[in-house]
Amino acid sequence: MRYLTFALGKGRLAKQTLALLEQMGITCEEMKDRDSRKLIFVNEELRLKFFLAKGPDVPTYVEYGAADIGVVGKDTIMEEGRKVYEVLDLGFGKCRMCICGPAKAGDLLNHKELIRVATKYPNIAKDYFYNKKHQTVDIIKLNGSIELAPIVGLSEVIVDIVETGSTLRENGLTVLEEICPLSARMIVNQVSMKMENERIKKIITQLKQLL
Ligand code: PRP
């Protein structure tokens, strides 16, 4: 039997993904060792391999078949736009993609002004402003601490993830518009879905019973 390979997004989602796999009887002790620099882990018994990758790289590994299965946030799936099947909402990592800014920036959205939008998600922002809101904007790509942008005057608003809302609150910003709800999803390589259909379906069924 060939190995089925999982690509898991590093960071916030990884812990919950490993906990879920553990509930299914899929354990990978080596992976929990925080000090380890090892990148790939094998469960010989179940013929499974796991690796941790940067979130935005997970759909890439899955599209090219370097991983059969991936677990990653819906935000990343939307932003990357890779050819993969999204097969399951895992229900954790729940948050929202929003347009945020100081309350007074709400008018700029209503009047469709040419504003600057800072974001880690330029494709999602472009799609929302151009195709849904029909508002022309300048998109500025940042790599983190997006909430800074309107505070220091880089942009009028941001497109970013809101979970508890505390980052916004502590920085005097607010949600101006909700784009979509987000959560962790399981994605599958399109060829693997055909070639390993039984094994993958079994994993999906098992996961569904736990959710
Ligand atoms: C994310 C997001 C917000 C924050 C939202 O950033 O970009 O800044 O979490 O969470 P909250 O609503 O619970 O405050 P993250 O911590 O992942 O780091 P980043 O700033 O480097 O993107």
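1. Buried means under 20% relative accessible area, exposed over 50%, and partly exposed in between (1.4 Å probe, protein chains only). This is a predicted model, in which local features need pLDDT of at least 70 and side-chain atom pairs count only at pLDDT 80 or more, while totals for chains, interfaces and linings use all residues. Residues are numbered from 1 along each chain as its sequence is written, and side-chain values use heavy atoms, with hydrogens and water left out.

2. The whole structure holds 12 salt bridges, a salt bridge being a side-chain nitrogen of Lys or Arg within 4 Å of a carboxyl oxygen of Asp or Glu. One of them joins Arg96 and Glu178, at 3.1 Å from N to O. Because Arg96 lies in strand S6 and Glu178 in strand S10, the pair ties together parts that are 82 residues apart in sequence; strands here are DSSP runs (E, at least two residues), and helices likewise (H or I, at least four), numbered from the N terminus. Arg96 is partly exposed at 31%, and Glu178 is partly exposed at 39%.

3. Asp68 forms a salt bridge with Arg2, with the closest N and O atoms 2.7 Å apart. Asp68 is buried, at a relative accessible area of 3%, whereas Arg2 is partly exposed at 38%. Arg2 and Asp68 also belong to a network of salt bridges with Glu196 and Arg199.

4. Gly55, in the loop between strand S3 and helix H3, counts as buried at 17% relative accessibility. Beyond its neighbours within four places in sequence, Gly55 is in contact (heavy atoms within 4.5 Å) with Gly9, Lys10, Val72 and Thr76.
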